[in-house]
Amino acid sequence: MRKIIDKFYLVLIFIFLYAPIVTLMVFSFNDSKLKGKWAGFTLRWYKNLFTDPTILEALKNTLIVALIATVVATVLGTIAAIGINELRGFKKSMLLDVNYLPVLNPDIVTAVSLMGLFGFLHLRFGLLTMTISHIVFCTPYVILSVLPKLGQMDKNTVEAALDLGATPSQVITKVIIPQIRPGIVTGALMAFTLSLDDFVVSYFNTGHGVSNLSITIYAMARKGINPSINAMSTIMFIALLILLLIINRNPGNRENINF
């Protein structure tokens, strides 16, 4: 009986989490702009999506920033995690505490701090500053994803590789990276998701005429959300779902993707 109750609560939790997403997906096919009225099935919002220059430009900026931020943050985060893992004592604790600050701080603190830094450096606000801010925002999460895998790694393999004549670069690329690859993949997926989802950091560190999807949706909210956004969200959700299914198609990988 206890197991049945636990399963019932688990089902309720999943319904609570995913009901809004399902509702959004259903209304992306609604032939009415009203959110609470079903007026029939249509694909016109999907057609409008691919002809709306504002949404397409915002999507392009979002993907450019997300891809660049993911690649750079994954590389920097992996290198930093390897370095931190080799430290001991006070230095390691201090760097970990510093790494936790952007994670624990409210997003607006990070956003305003970066805005002040860009202003001090006299950088022109635009796509560049937005991209840099996303890299700074995402890198700590990559570090936190890679560090546990480094802790699980058998250090004897590194010492054995060095004893057998491998160079430090060969040890990193042929011994360490293959063992911590699941953590790197997890960090990259997290960085990409955080970049797609971010609004506050983007809003404070962009320039005139440069916006991503979150800023565009925020601007639309004052006049009413365009139903084409529902179509966009549905496509993005399905694309991410397919990506996760591809990554987890091998049963041996399921235990490696842990958020």
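This is a predicted model: local features need pLDDT of at least 70, side-chain atom pairs count only at pLDDT 80 or more; totals for chains, interfaces and linings use all residues.
Over residues 59-247, 83% of the chain is helix and 0% is strand.

**Overall architecture**

- From the N terminus onward, the order of elements in the chain is α-α-α-α-α-α-α-α-α-α-α.
- The C-alpha trace spans about 70 × 65 × 30 Å along its principal axes.
- The chain has 259 residues, and 36% of them are buried.
- Among contacts in the chain with a separation of 6 or more, 71% are made by residues 24 or more positions apart.

**The annotated region**

- UniProt, in an unreviewed entry, lists residues 59-247 under "domain: ABC transmembrane type-1".

**Packing of α8 and α11**

- Two packed helices are described by the angle between their axes and by the distance between those axes.
- Helix α8 covers residues 168-197 and helix α11 covers residues 228-247; the two pack at an angle of about 175°, and their axes are 13 Å apart.
- Because an angle over 145 degrees counts as roughly antiparallel, α8 is described as roughly antiparallel to α11.
- On the α8 side, the residues that meet α11 are Leu189, Phe192 and Leu196.
- On the α11 side, their partners are Met236, Leu240, Leu243, Leu244 and Ile247.
- Sorted by class, the contact of α8 with α11 comprises eight nonpolar residues, with no polar and no charged residues.

- Thr129 belongs to helix α6, which runs over residues 127-152.
- The relative accessible area of Thr129 is 0%, so this residue is buried, the cut-off for that class being under 20%.
- When neighbours within four places in sequence are set aside, the residues in contact with Thr129 are Phe118, Leu123, Arg124, Asn205 and Thr206.
- A polar atom of the Thr129 side chain lies 2.9 Å from the backbone nitrogen of Gly126.

Definitions and conventions
Residues are numbered from 1 along each chain as its sequence is written. Side-chain values use heavy atoms; hydrogens and water are left out. Axes are lines fitted to C-alpha atoms, for helices over the stretch in contact, and angles run from 0 to 180 degrees between N-to-C directions. Helices (H or I, at least four residues) and strands (E, at least two) are DSSP runs, numbered from the N terminus. Angles under 35 degrees count as roughly parallel, over 145 as roughly antiparallel, 65 to 115 as roughly perpendicular and the rest as oblique. Contact means heavy atoms within 4.5 Å. Ala, Val, Leu, Ile, Met, Phe, Trp, Tyr, Cys and Pro count as nonpolar, Asp, Glu, Lys and Arg as charged, and the others, Gly among them, as polar. Buried means under 20% relative accessible area, exposed over 50%, partly exposed in between (1.4 Å probe, protein chains only). A polar contact is a pair of N or O atoms within 3.5 Å; within protein, one must be able to donate a hydrogen and the other to accept it, and residues adjacent in sequence count only if both atoms are side-chain atoms. UniProt positions are given in the numbering used here, feature names are shortened, and annotations may be inferred rather than shown by experiment.
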